[in-house]
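Student: I am new to this structure. Please show me how to read its main features.

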Amino acid sequence: MVYLTRRAEFSASHYYHNPEFTAEENQRLFGKSNNPHGHGHNYTLEVTVKGEVDASSGFVVDLQQLKQIMNSEVMDALDHRHLNKEVPEFARQIPTSENIAIAIWNRLRPKLTVARLHRVRLYETHDLFVDYFGEN
């Protein structure tokens with residue numbers, strides 16, 4: 001089994017807010033991150049796929065195809081977006097790094113046919129990241 005990782009970067013804004021909480025509860029739990037105008041991050045995404053090396057090509061996955069899938073399913077959908085307001089997954093879900101990683105997994109997994117999705121790693125900052133390995 002070979003693991004291959006492709007990296008991409010995108011920028012997005014978001015805020016943390018639970019509509020079931022009072023304004024005071026949201027402020028207490030989320031602090032500055034509860035500002036409805038949001039705040040932004042320059043995210044770094046790492047998508048790791050796994051599979052056997054194809055004897056005829058020498059690849060686990062067609063690199064251009066993987067890049068195209070990442071662009072259409074992630075970059076086009078999330079880059080320079082206000083996640084709470086423009087991305088359907090976050091209309092009713094708080095766009096934490098954890099939930100963003102899961103949403104990215106759910107967007108990518110059905111599109112990968114040769115190699116299997118192994119991990120989604122999302123860096124919110126250089127020292128904070130989330131790994132998601134899907135439902136096992």
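Student: What should I know before reading any values?

Tutor: This is a predicted model, in which local features need pLDDT of at least 70 and side-chain atom pairs count only at pLDDT 80 or more, while totals for chains, interfaces and linings use all residues. Residues are numbered from 1 along each chain as its sequence is written, and side-chain values use heavy atoms, with hydrogens and water left out.

Student: How many helices and strands does the protein have?

Tutor: Helices (H or I, at least four residues) and strands (E, at least two) are DSSP runs, numbered from the N terminus. Here there are four helices and five strands, in the order β-α-β-α-β-α-α-β-β along the sequence. The C-alpha trace spans about 60 × 30 × 25 Å along its principal axes.

Student: What share of the residues is buried?

Tutor: Buried means under 20% relative accessible area, exposed means over 50%, and partly exposed is in between (1.4 Å probe, protein chains only). In this protein, 45% of the 136 residues are buried.

Student: Why is the pair of Trp105 and Tyr132 edge-to-face?

Tutor: Their planes are at 85 degrees, with the ring centres 5.5 Å apart, so the pair is edge-to-face. Trp105 comes from helix α4 (residues 97–108) and Tyr132 from strand β5 (residues 128–132), so parts 27 residues apart in sequence are tied together. Trp105 and Tyr132 are both buried.

Student: How many salt bridges are there?

Tutor: A salt bridge is a side-chain nitrogen of Lys or Arg within 4 Å of a carboxyl oxygen of Asp or Glu. The structure has six. Among them, Glu46 and Arg119 meet at 3.1 Å, N to O. Glu46 lies in strand β2 and Arg119 in strand β4 (residues 116–125), so this bridge ties together parts 73 residues apart in sequence. Glu46 and Arg119 are both buried.

Student: Which residue forms a salt bridge with Lys111?

Tutor: The partner is Glu73, with the closest N and O atoms 3.8 Å apart. Lys111 is in the loop between α4 and β4 and Glu73 in helix α2, 38 residues apart. Lys111 is partly exposed, because its relative accessibility is 42%, whereas Glu73 counts as buried at 17%.

Student: What else does Glu73 touch?

Tutor: Contact means heavy atoms within 4.5 Å. Not counting residues up to four places away in sequence, Glu73 touches Arg107, Leu108 and Lys111. Arg107 has its own salt bridge, with Glu89 (2.8 Å, N to O).

How values were computed
Phe/Tyr/Trp six-rings, centres within 6.5 Å; stacked < 30°, edge-to-face > 60°.
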